[in-house]
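Have the sequence and the model open side by side.

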Amino acid sequence: MSDVRYLVTSLDAGVRLDQFLGNQDACPSRSACAKLIESGAVDVNGETCYSKKQVVVEGDRIEVDLPEVRDPGALEPQAIPLDIRYEDDYLIVLSKQRGLVCHPAHGHESGTLANALVYHCGIDHLGTLQGEDRPGIVHRLDRDTSGLMLAAKDDDTQRALQDLIRLRTLDRRYVALCHGYIAMDSGTINTGIARSTRDRVKMAVSDDPFARQAITTFKVLERFEAERGDEGYTLVECHLYTGRTHQIRVHMRHINHALVGDPLYGKGGERANLGLTRQFLHSWRVKFTHPVTGRDIELHDELPWDLAAAYDEIAERSMGRTEAGDEIIPLILNE
């Protein structure tokens, strides 16, 4: 993806958002811009806008995530194992393994979740609102973040699921192990997030006018005593109200409690990171009302072996579980 930014002047004010974007040299046609808006790729004044009919006004700050130009025919079906937890005629809930990229991008042209979905469902049975190279994708997990995520089998379901995310009624919960002792039992982090000006691979908390609002709440589940070579650890559950790139990783680093093992935002050596080479971050629960059948769906996912092993390594240093930890930890460890 590439970020393109615009500031609406008096000359452009008063037109629809899709028309405004369609008039810009860097953007595709008006109809393609309408699809970008519907897919959640357009922010107006730091908030994702899903209405192509919204009228722009002078001073509006508009940011567009333009997809890479790719040949749709290059997306081949590949028999990559999928750990499917729920499936019907409209959607799939799966547990993504670590190391699996969600869709083709620079450096990852194949071997992605999108390739696996095409093999499993067929290209004609997946939603394409996110683009022909992202069939079925509703939301993303970082390559080395594991756990539950959703895929849609048609455009209407894909749009409806994205609406649930936008309305914050698709409940996504993550478990993370952080460096250090978090004293408060719960908290809310509400900041802007933008691409780092120092390292374009990273995201950063920012007060830039084009930064996107990001809201994360967390609950402490368990705390672990410090030993020589580390600052102790805190296991938390994070609840996403927005879905910005690297959001939890950036937010926890922002409050000086980086995720254990995080290669981009973390700290400490191999010992302090409990031997992990990827962030201790797992999408452990999703809960939502099925947009077609009306059925309430709630699914849980245990920690994969590497994260469970890291937890076991410090289990004897536990300072006790919180009330939330007594409820959640048995579910993620299958106690």
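A residue is called buried under 20% relative accessible area, exposed over 50% and partly exposed in between, using a 1.4 Å probe and protein chains only. D154 is partly exposed because its relative accessible area is 24%. This is a predicted model, in which local features need pLDDT of at least 70 and side-chain atom pairs count only at pLDDT 80 or more, while totals for chains, interfaces and linings use all residues. Residues are numbered from 1 along each chain as its sequence is written, and side-chain values use heavy atoms, with hydrogens and water left out.

D154 sits in the loop between β7 (146-152) and α4 (155-166). Helices (H or I, at least four residues) and strands (E, at least two) are DSSP runs, numbered from the N terminus. Contact here means heavy atoms within 4.5 Å. Not counting residues up to four places away in sequence, D154 touches Y90, L126 and G127. A polar atom of the D154 side chain also lies 3.1 Å from the backbone nitrogen of D156. P77 is 77 residues from D154 along the chain, and the C-alpha atoms of the two are separated by 17 Å.

Two strands pair if DSSP finds at least two bridges between them. With β6, β7 pairs in the antiparallel sense over six bridges, and L91 stands opposite A152 in β7. With β13 (residues 281-289), β7 pairs in the parallel sense over two bridges; there, S146 stands opposite H282.

Next come the nonpolar cores. A nonpolar core is a set of buried Ala, Val, Leu, Ile, Met, Phe, Trp, Tyr and Cys residues joined through side-chain atoms within 4.5 Å. The largest one has 31 residues, and L113, L117, V236, I248 and M252 have the most contacts inside it. Two or more residues each come from β6 (91-96), α3 (113-121), β7, β8 (171-179), β11 (212-224), β12 (233-240) and α5 (247-254). The element that gives the most to this core is α3, with six residues. A second, separate core of 22 residues includes F224, V260, A308 and A324.

How is α5 placed relative to the rest of the structure? It is largely enclosed, because six of its eight residues are buried. These are Q247, I248, R249, V250, H251 and M252. The buried residues of α5 pack against β8, β9 (186-195), β10 (203-205), β11, β12 and β13. M252, leaving aside its neighbours within four places in sequence, is in contact with C178, I182, I189, C238, H257, A258 and L259. After α5 comes N256, whose phi is positive, near 70°.

Last, the cysteines. A disulfide is a pair of cysteine sulfur atoms within 2.5 Å, and a search of the whole structure finds zero of them. C102 is buried, with a relative accessible area of 4%. C178 is in no disulfide either, and its nearest cysteine sulfur, that of C238, is 6.3 Å away. C178 counts as buried because its relative accessibility is 0%.

Notes
A polar contact is a pair of N or O atoms within 3.5 Å; within protein, one must be able to donate a hydrogen and the other to accept it, and residues adjacent in sequence count only if both atoms are side-chain atoms.
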